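The chain in question is shown here for reference.

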Amino acid sequence: MSNRETRSGVICFLSKLLIEKARLFLSAMSYHAFEDVLALLIYGLVLFPNPDQLIDVHAIKIFLTHNPVPTLLGDILHSLNTRTIKERGTLMCCIPRLSGWLISHLPQSMLKNEQRMQWSRRITLFSHSDIHWCARSYEDITIIYHYGEFPNVPLLGIRGGITYNPSLALHQFGCARGDSPHEMSIQGIVFYYEDDPQGYCQRFIRSWNKVYKVDSKILGRKNSIPLGPYLIWVRARA
């Protein structure tokens with residue numbers, strides 16, 4: 001009991017305890033046990049970080065399912081949304097994954113940074129034509145478009161839920177938009193587990209029983225450059 005704490009109703013384990021366990025297993029040459037504890041530490045401290053260096057039961061459950069991808073995406077989007085609204089604070093998500101995704105879309109010439117500029121300054125120099133929007137591996141694939149009652153993709157992170165809107169990401173599949181998307185398809189939902197009066201958490205979970213997929217070939221004509229009406233809509237929102 002002394003090795004765990006409860007924060008906001010969530011049971012958490014002290015990371016220092018798991019580090020001690022890992023060292024103990026390593027010294028005893030119990031390599032399988034050591035690797036399991038080390039993997040759990042990576043989940044709890046890198047993939048799903050906690051400001052108090054704690055590993056909560058949510059990270060442990062994800063570790064046991066062996067599929068952190070949906071939760072990683074939900075965690076990143078939820079944290080970005082929270083920091084954008086509050087206009088300050090620290091991102092609580094997998095920063096290496098977010099950084100890798102961002103860099104993968106940037107031109108190699110800008111990554112060299114021969115002028116030694118800060119990231120904030122370098123990014124402001126980009127236009128949409130500088131970004132590598134679509135990788136060939138993303139073309140002609142089947143994508144998840146929406147779930148159950150929701151017109152988009154509901155994701156559950158460590159701290160809450162948020163919806164992801166594929167209609168805003170068609171560019172990544174080689175189908176740049178020519179017009180503004182329908183408001184229903186981009187209606188966003190964000191909530192925290194401790195503040196969920198509409199029961200979105202359980203509704204999100206139920207919606208995963210009805211997955212609607214779409215072939216990227218029917219999303220529209222292949223086009224790498226978004227058209228004027230869509231750009232005007234994006235700029236107005238931004």
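Predicted model: local features only at pLDDT ≥ 70, side-chain atom pairs only at ≥ 80, totals over all residues.

**Nonpolar surface.** Trp-101, Leu-102, Ile-103, Trp-119 and Ile-123 together make a nonpolar surface patch of about 430 Å². Two elements, helix H5 (95-104) and helix H7 (119-124), each give two or more residues to this patch, and H5 contributes the most, with three residues. Leu-102, which has its place in helix H5, is partly exposed, since its relative accessible area is 33%.

In helix H9, which covers residues 228-237, the buried residues are Tyr-230, Leu-231 and Trp-233. Viewed down the axis of H9, these buried residues fall within an arc of 160 degrees, and they therefore line one face of the helix. The face of H9 that is turned away from this buried side carries the exposed residues Pro-229, Ile-232, Arg-235 and Ala-236.

**Cysteines.** A disulfide is a covalent bond between the sulfur atoms of two cysteines. With sulfur atoms required to lie within 2.5 Å, the count comes to zero disulfides. Cys-94 takes part in none, and the nearest cysteine sulfur, which belongs to Cys-93, is 7.2 Å away. Cys-94 is buried, with a relative accessible area of 4%, and Cys-201 is also buried, at 18%.

The relative accessible areas quoted in this report are set out below.

| Residue | Relative accessible area | State |
|---|---|---|
| Leu-102 | 33% | partly exposed |
| Cys-94 | 4% | buried |
| Cys-201 | 18% | buried |

**Aromatic rings.** How many aromatic pairs does the structure hold? The structure holds nine of them, and one is formed by Phe-150 and Phe-204, whose ring centres are 5.0 Å apart and whose planes stand at 80 degrees, so that the pair is edge-to-face. Because Phe-150 lies in the loop between strand S4 (142-147) and strand S5 (153-156), while Phe-204 lies in helix H8 (residues 200-207), the pair ties together parts that are 54 residues apart in sequence. Both Phe-150 and Phe-204 are buried. These two residues also belong to one aromatic cluster, which they form with Phe-191, Tyr-193 and Tyr-200.

Technical notes:
Residues numbered from 1 in each chain as written. Heavy atoms only, no water. Patch = residues over 30% accessible without salt bridge, like charges linked within 9 Å, V, L, I, M, F, W, Y side chains within 5 Å. Areas by Shrake-Rupley, 256 points an atom, 1.4 Å probe, with all protein chains shown as cover. Salt bridge = Lys/Arg side-chain N within 4 Å of Asp/Glu carboxyl O. Helix = DSSP H or I, 4+ residues; strand = E, 2+ residues; numbered from the N terminus. Buried < 20%, exposed > 50% of the residue type's maximum accessible area, 1.4 Å probe, protein only. Arc of directions from axis to C-beta. Phe/Tyr/Trp six-rings, centres within 6.5 Å; stacked < 30°, edge-to-face > 60°.
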